[in-house]
Structure formats: structure tokens, C-alpha cells
Amino acid sequence: MKDAFGAPQSLLVLGGTSEIALATARRLIALRTRRVWLAGRPSPALDAAAVELRDRGADVRTVAFDALDTDSHEEVLGKVFAEGDIDVVLMAFGVTGDQARDEEQPTAAVRVVQTNYTGSVSAGLVCAGALQAQGHGSLVVLSSVAGERVRRADFIYGSSKAGLDAFAQGLGDALQGTGVQVLIVRPGPVRTRASAGRPEQPFATTPEAVAGAIVTGLRRRSETVWVPGSLRGVMSALRHVPRPLLRRRVRK
């Protein structure tokens with residue numbers, strides 16, 4: 001449950017090494033979140049993230065979670081919820097893939113889609129059911145502007161995010177009136193350590209900016225947030241550009 005200051009007391013992160021997720025966790029801990037679960041594949045990076053958040057004053061636990069192992073999701077996540085109520089679940093796992101390689105290697109393309117979409121559907125439904133059973137909570141789904149108008153340059157990744165976004169919208173509708181909020185987050189390209197040295201993209205943002213939008217969206221009980229906010233209008237217009245015209249612009 002939220003404390004007297006309106007801040008969530010507990011957080012479950014699916015994708016515990018995500019830079020966006022960790023930036024969000026830092027902000028929530030500063031707002032009095034005290035119990036954090038970091039779920040992800042066991043690794044030194046996951047352990048280091050837990051140590052950092054503990055140093056900030058939170059009780060942090062790690063749990064082995066694999067988005068592709070959907071058969072394990074009910075058991076793994078059920079054990080987390082059995083330890084006590086979770087106020088916020090942040091689904092932040094995902095892979096971008098390599099478009100050129102994935103077009104030539106369908107099995108690699110399937111791995112992108114299974115991680116970003118199938119894994120999210122499985123974990124999202126498990127968490128939504130647990131939040132509904134406890135009668136409160138928020139499920140934050142990290143989508144992407146790439147799913148709003150899928151481009152030639154990254155259509156495998158973009159299509160997986162389009163599916164995820166549509167799923168999250170439907171899930172939010174299904175949970176109306178249950179006390180559970182679904183917040184969809186649509187950031188532009190995010191500058192991370194992995195993208196360091198690459199050319200700057202239009203409407204690029206940072207993990208910290210996305211984290212700030214998430215915290216604000218939770219407080220306002222928003223259904224969708226765009227980061228930066230100006231993307232909302234841009235994508236509204238771009239959505240109606242005819243495909244032949246969009247293809248010509250992309251080739252230039």
C-alpha cells in the first residue's frame with residue numbers, strides 16, 4: 001500500500017538491470033519506497049544493481065526470472081507476491097535485436113518477438129492477476145514509440161512493441177474498476193550505455209527522463225505517458241502519413 005506521503009512502498013522490476021528501471025527505482029526509493037524486487041537473469045550486473053539500491057536505503061531482493069521461460073512465470077512471480085503486497089510492477093525487459101541479422105535468421109527474429117511480446121503477455125497476465133487479487137497496485141508497461149508507426153529500419157522490434165502496446169491497452173481496459181492501474185510508457189530513442197557513440201536520433205531521451213515521467217504518471221494515475229511529451233502530437237500526425245510517402249522520406 002502507499003504510505004502517508006502517497007508513495008508506493010514496494011516495487012517489483014521485471015528486467016532488473018534495465019537502466020530505465022533502475023533510474024525509476026532510485027526515484028521511488030527517494031520518495032520512500034522501501035522494498036524492491038529485482039527480477040532478471042542471474043548476473044554480476046543484477047547483483048551490482050541490488051547493492052546500489054540497498055545503499056540508497058531499500059530492502060532489495062533478487063529473483064531469477066527469464067522472459068522466455070513462460071512456463072516458470074506463475075511459480076516465480078507467485079513466490080514474490082506471496083511475500084507481501086506489491087504496489088508497483090515495472091515491466092522493463094526487452095531486446096532490440098539486430099534488424100539486418102534478424103531478417104536473415106528467422107530464429108533470431110522469433111527470439112526478439114518472444115521476449116518482447118510473448119514474455120510480456122505471460123508475465124503481465126500473472127502480475128495483473130496478483131495485483132487484482134490484492135485489490136490495488138500499478139502495472140507499468142515499458143512500450144516504445146517504435147510500435148506506434150513501424151519503420152522499415154526496425155520493423156521486427158517495432159512490431160513486437162506494437163503488439164505489446166495493444167495488449168497493455170486491452171489489459172488496462174479489462175482491469176477498470178478493480179483498483180489496478182495500467183500505465184503504458186512510450187519513450188522515443190533512449191540514450192543508454194549501449195547506444196553511446198551512436199549518432200543522435202530525433203526526440204531522443206534519457207533513462208532519467210523516462211523515470212521522471214513514470215513517477216509522474218503513477219501519481220496522476222495516467223493511462224499513457226510519452227517521453228518526451230511532444231512525441232504525442234508528432235506520432236498522431238505521423239500515424240496518418242501514407243505508407244508510400246513515408247517510405248520515400250525514410251530513403252532520403
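**Figure 1. Glutamine 134 of the predicted model is a buried residue.** Glutamine 134 has a relative accessible area of 18% and is therefore classed as buried (buried means under 20% relative accessible area, exposed over 50%, and partly exposed in between, with a 1.4 Å probe and protein chains only). Glutamine 134 belongs to helix α5; helices are DSSP runs of H or I with at least four residues, strands are runs of E with at least two, and both are numbered from the N terminus. Leaving aside residues up to four places away in sequence, glutamine 134 touches Phe81, Asp85 and Ile86, where contact means heavy atoms within 4.5 Å. Residues are numbered from 1 along each chain as its sequence is written. In this predicted model, local features need pLDDT of at least 70, side-chain atom pairs count only at pLDDT 80 or more, totals for chains, interfaces and linings use all residues, and side-chain values use heavy atoms, with hydrogens and water left out.

**Figure 2. Helix α3 packs against helix α5.** The axes of α3 and α5 (residues 106–134) are 10 Å apart, at an angle of about 35°; axes are lines fitted to C-alpha atoms, for helices over the stretch in contact, and angles run from 0 to 180 degrees between N-to-C directions. On the α3 side, the contact is made by His73, Glu74, Leu77 and Phe81. The α5 side includes Gly119, Ser122, Ala123 and Gln134. By class, the contact of α3 with α5 has seven nonpolar, four polar and one charged residues (Ala, Val, Leu, Ile, Met, Phe, Trp, Tyr, Cys and Pro count as nonpolar, Asp, Glu, Lys and Arg as charged, and the others, Gly among them, as polar). Helix α3 (residues 73–82) also lies across β1, β2, β3 and β4, and runs at about 170° to β1.

**Figure 3. Seven strands form an open, parallel sheet.** The strand order is β3-β2-β1-β4-β5-β6-β7, and two strands pair if DSSP finds at least two bridges between them. Because β3 (59–64) and β7 (224–227) each have a single partner strand, they stand at the edges and one side of each lacks a neighbour in the sheet. From one strand to the next, the twist averages 15°. Five bridges pair β1 (residues 10–14) with β2 (residues 35–40), and leucine 12 stands opposite tryptophan 37 in β2.

**Figure 4. Strand β6 is mostly covered.** Eight of the eight residues of β6 are buried. Val180, Val182, Ile184 and Arg186 point one way, while Gln181, Leu183, Val185 and Pro187 point the other way. β5 and β6 run parallel and are joined by six bridges; glutamine 181 in β6 is the bridge partner of serine 138. Helix α6 (residues 155–174) lies across β5 (137–142) and β6 (180–187), at about 155° to β6.

**Figure 5. Helices α1 and α2 pack together.** Helix α1 (residues 19–30) and helix α2 (residues 44–55) meet at an angle of about 20°, with their axes 10 Å apart. The two helices are therefore roughly parallel (angles under 35 degrees count as roughly parallel, over 145 as roughly antiparallel, 65 to 115 as roughly perpendicular and the rest as oblique). Leu22, Ala25, Arg26 and Ile29 of α1 meet Ala49, Glu52 and Leu53 of α2. By class, this contact has five nonpolar, no polar and two charged residues.
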